Amino acid sequence: MFIFDAHVDTLWRLLESGARLDDAQGHVNLANLRGPGAQFFAAFVDPKYYHGLAMHRTMEMIDLFWHLVDTYPEVLSFAGSAAEIKQVSSQGRLACLLAIEGGEALEGSLAALGVYYRLGVRLITLTWNHRNALAAGQWEGPEGGGLSKFGRDVVEEMNRLGMLVDVSHLNEPSFWDVLAVSRDPVLASHSNAKALCDHPRNLTDEQIRAVADRGGVIGVNFCPAFLRTDCRATVEHVVEQIAYLINVGGEDCAALGSDFDGITEVPTGMEHYGRLRDLVGLLEQQGLRTSVIEKVLGTNLLRLCSEVLD
Ligand SMILES: [Zn+2]
């Protein structure tokens with residue numbers, strides 16, 4: 001089955017640790033990265049680089065991304081559109097898409113956005129947890145405010161270029177501002193339902209419906225703290241989140257956004273990337289039809305890419 005995950009932090013893990021993709025480390029490595037499928041690799045701008053080194057660090061991560069797809073062409077290939085995802089995945093390989101997590105990477109420049117697009121970036125998570133020049137992350141709370149003028153310009157330019165606007169990590173005012181500004185459907189690449197786990201990183205039912213009503217997609221995050229308030233999560237809680245998103249937002253909105261290599265703890269039964277395929281059987285046990293399972297595990301994100309990127 002075609003499997004498409006919206007968020008891993010493998011570029012960050014490799015750069016911070018100095019490990020190689022073919023080391024048997026982390027949640028995602030060469031031994032378990034297999035097609036057919038697609039994966040967004042986030043270039044996560046760690047807060048320690050915010051002051052003066054955000055673009056520098058983003059360049060290092062983009063360079064690493066291209067190094068990886070060049071080094072392992074039998075397994076990985078770059079994709080910048082839904083058509084390219086389909087082509088790579090039909091060869092049994094993994095289509096690799098490039099994302100930036102944290103608008104700090106732009107350093108206030110719309111020109112940088114255009115250059116990042118040309119370097120292969122197709123998704124930007126507008127903030128991490130803090131306020132930046134674009135918007136406010138969830139740590140700021142509602143007092144953090146919404147989209148800035150520059151943030152609105154960035155969303156409009158992303159719509160024009162054909163890039164996915166990612167609303168994960170935003171505080172509520174910024175979230176609603178993005179939905180008012182964006183002409184394209186948006187992605188919440190790695191966020192869960194707050195009704196099942198009351199965490200500031202998760203989405204209210206109203207937010208889930210708003211993303212879904214506009215044709216957007218929500219990737220379920222495997223971080224135990226976003227699955228269970230006591231953090232004692234198993235793969236059943238991942239399945240529960242998927243079922244809940246389908247109930248509230250419909251079968252076209254639910255997807256995967258594992259956050260592998262960005263999270264320190266993992267749910268029991270979902271220890272690494274190779275386990276993603278176990279979800280097929282687990283969702284079948286929930287009584288979901290094969291056509292719905294295919295949507296959740298891959299084709300919802302593919303459809304969003306074809307609407308926004310192509
Ligand atoms: Zn994140």
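**Helix packing in the chain**

Modeller: The chain holds 11 helices and nine strands (DSSP runs numbered from the N terminus: H or I of at least four residues for helices, E of at least two for strands). This is a predicted model, in which local features need pLDDT of at least 70 and side-chain atom pairs count only at pLDDT 80 or more, whereas totals for chains, interfaces and linings use all residues. Residues are numbered from 1 along each chain as its sequence is written.

Of the 310 residues, 53% are buried (20 or more other C-beta atoms, placed from the backbone, within 10 Å of the residue's own; 12 or fewer is exposed, and in between is partly exposed). The C-alpha atoms fill a box of roughly 50 × 45 × 35 Å along the principal axes.

The packing of helix H7 (residues 205-213) with helix H9 (residues 235-249) comes next. Their axes come within 9 Å and cross at roughly 70° (lines fitted to C-alpha atoms over the stretch in contact, with angles from 0 to 180 degrees between N-to-C directions). H7 and H9 are therefore roughly perpendicular (65 to 115 degrees; under 35 is roughly parallel, over 145 roughly antiparallel, the rest oblique). Their crossing is right-handed (the near helix is turned clockwise from the far one by less than a right angle; anticlockwise is left-handed). H7 contributes Asp205, Ile208, Arg209, Val211 and Ala212 to the contact, and H9 contributes Leu245, Val248 and Gly249 (C-beta atoms, placed from the backbone, within 7 Å). These residues divide into five nonpolar, one polar and two charged (Ala, Val, Leu, Ile, Met, Phe, Trp, Tyr, Cys and Pro are nonpolar, Asp, Glu, Lys and Arg charged, the others, Gly among them, polar).

The loop between helix H8 (224-227) and H9 contains Cys231. Phi of Cys231 is near 65°, a positive value in a residue other than glycine. Most residues other than glycine have a negative phi. Cys231 counts as partly exposed because it has 13 C-beta neighbours inside 10 Å.

A further contact joins helix H10 (residues 278-285) and helix H11 (residues 290-308), which pack at an angle of about 145° with their axes 10 Å apart. H10 also passes H11 in a right-handed crossing. On the H10 side the residues are Leu279, Val280, Leu283 and Glu284, and they meet Ile293, Val296 and Leu297 in H11. Six of the residues in this contact are nonpolar, none is polar and one is charged.

How values were computed: Contact = placed C-beta atoms within 7 Å.
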